[in-house]
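Hi everyone, thanks for making time.

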Amino acid sequence: MRTAAIIVAAGRGTRAGGDLPKQWQHIAGKPVAAYAIAQFASHPKIHDIVLVLHPYDIATDRWPRGFDITVVEGGETRAASVAAGLAAVDRQTSHLLIHDAARPLVTHELIDRILGALETHEGAVPALAVTDTLWYGADGQVQGGQPRDGLFRAQTPQGFALDPLRRAHAQSSGDETDDVAVARAAGLDVAIVAGDEDNIKITTPADFARAERLLGNAMDIRVGNGYDVHRFGPGNAVWLCGVAVPHTRSLKGHSDADVGMHAVTDAIYGALGMGDIGQHFPPSDPHWKGAASHIFLEHAVALAAEQGYQISNADCTLVCEFPKVGPHQAQMKAVMAAYMGLQSDRISVKATTSERLGFTGREEGIAALATVTLVKP
Ligand code: MG
């Protein structure tokens with residue numbers, strides 16, 4: 001089986017709002033059509049991609065470059081656009097998937113289900129059984145019911161063996177509404193495979209919001225790391241992750257020297273690509289002398305929220321011989337979680353010694369490392 005994909009992006013639909021056809025409007029910084037192209041381009045069993053464009057779009061920068069695709073000019077109707085794509089498919093191709101560029105959420109799993117069914121059928125299409133009750137309506141009134149048994153909502157990509165589909169298109173009257181109708185009119189057997197509720201066709205502004213949510217969840221995840229060290233000096237307690245732990249010394253620093261909280265704070269700034277504690281709270285500024293470190297942490301958390309990110313989790317490791325962290329771990333997690341507005345099971349505070357090696361082993365100071373994950377929901 002050698003499979004090509006035709007992605008039909010020649011429509012002019014602007015029902016979704018905006019001036020651009022919907023497939024060229026942006027979701028999370030990229031045109032709608034780019035997502036489907038990327039899914040087919042990265043699928044190991046898709047050998048060629050033909051992108052069918054409206055003649056006006058070919059010379060514009062609307063469509064995504066950087067993919068190995070063949071671009072062809074579409075026709076007046078969807079059928080004419082598919083026919084233009086068919087003409088551009090290379091000779092070794094045995095099977096074809098036809099996809100609507102306005103469905104950005106197509107997945108490799110869905111493509112696999114269709115390819116699997118094409119091993120035993122001339123056609124295979126994804127669809128979802130209708131589960132809502134159906135009515136006829138007119139003038140804002142329900143006029144009657146419609147049994148939903150056996151009804152399906154069709155999706156794309158729709159898959160076909162190439163030669164039978166070519167023959168079907170050659171015989172087509174041109175009145176069929178889609179490729180399945182063309183194929184069935186020519187007597188092809190077309191199997192239904194399970195569609196995907198998220199594989200929506202973008203039609204309205206609300207569809208953009210939904211697709212943005214779904215794609216954003218999948219894609220905008222950020223990780224940051226933080227590292228900090230403070231030196232011991234005279235005192236009787238050290239601040240670690242928001243808890244004053246009794247000890248024979250204290251940590252020295254411009255602020256309260258909470259090394260763990262500093263590492264977590266820097267990890268958040270790092271994930272945002274927005275500097276570090278020193279940039280936001282310069283040590284040269286006497287205002288921050290002796291400051292409680294939760295001020296820094298709360299600033300970073302607020303900055304993340306301002307940028308539309310939620311903190312998913314934070315993991316902090318304290319490196320010291322003494323004081324022993326274990327007895328305070330639960331309280332540290334609870335305090336850090338409270339400052340970050342999270343459940344404490346999303347915060348980890350752990351400790352290790354450095355086997356008496358290095359500056360932490362010689363008990364000259366404490367080091368801390370942290371990793372934080374941010375997600376844009
Ligand atoms: Mg520090």
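Before we look at any pairing, one term: two strands count as paired if DSSP finds at least two bridges between them. And please keep in mind that this is a predicted model.

With that term in hand, let's go to strand β7, residues 123-129. Which strands does β7 pair with? One is strand β10, residues 152-154, which pairs with β7 in the antiparallel sense over three bridges. If you want to find that spot on the screen, look for Ala 129, which stands opposite Phe 152 in β10. Another partner is strand β11, residues 158-161, again antiparallel, with two bridges to β7. There, Gly 123 has Phe 160 as its bridge partner. Then there's strand β12, residues 190-194, which runs parallel to β7 and is joined to it by five bridges. Gly 123 turns up here as well, standing opposite Val 190. So how covered is β7? Six of its seven residues are buried.

Okay, let's zoom out to the whole chain. You're looking at 12 helices and 19 strands. The radius of gyration is 29 Å, while the globule rule gives 21 Å for 377 residues, so the chain is more spread out than a compact globule. Along the principal axes, the C-alpha atoms fill a box of roughly 90 × 55 × 40 Å. Even so, 46% of the 377 residues count as buried. As for contacts, take those with a separation of 6 or more: 69% of them come from residues 24 or more positions apart. The accessible surface is about 18400 Å², and 51% of that belongs to carbon and sulfur atoms.

Now for the inside. The largest nonpolar core has 46 residues, and among those with the most contacts inside it are Leu 240, Val 264 and Met 340. Several elements give two or more residues to this core, including β14, β17, α11 and β19. Which element gives the largest share? That's α8, with nine residues.

Is Thr 3 buried or exposed? Its relative accessibility is 1%, and the cut-off for buried is under 20%, so Thr 3 counts as buried.

Last stop, the magnesium ion. Which residues supply its protein donors? They are Asp 228 through OD, His 230 through NE2 and His 262 through ND1, lying 2.1 to 2.2 Å from the ion. In sequence, the spacing is D-x1-H-x31-H. The two histidines link distant parts of the chain: His 230 is in strand β13, His 262 is in helix α8, and they're 32 residues apart. Both are buried, His 230 with a relative accessible area of 12% and His 262 with 6%.

Terms used:
Residues are numbered from 1 along each chain as its sequence is written. This is a predicted model: local features need pLDDT of at least 70, side-chain atom pairs count only at pLDDT 80 or more; totals for chains, interfaces and linings use all residues. Side-chain values use heavy atoms; hydrogens and water are left out. Buried means under 20% relative accessible area, exposed over 50%, partly exposed in between (1.4 Å probe, protein chains only). Helices (H or I, at least four residues) and strands (E, at least two) are DSSP runs, numbered from the N terminus. A nonpolar core is a set of buried Ala, Val, Leu, Ile, Met, Phe, Trp, Tyr and Cys residues joined through side-chain atoms within 4.5 Å. Donors are N, O and S atoms within 2.8 Å of the metal (3.2 Å for Na, K and Ca); water is not among the atoms, so sites may look incomplete. The radius of gyration is taken over C-alpha atoms; the globule rule is 2.2 Å times the number of residues to the power 0.38. Contact means heavy atoms within 4.5 Å. Accessible areas come from the Shrake-Rupley method with a 1.4 Å probe; for residues, only the protein chains shown count as cover.
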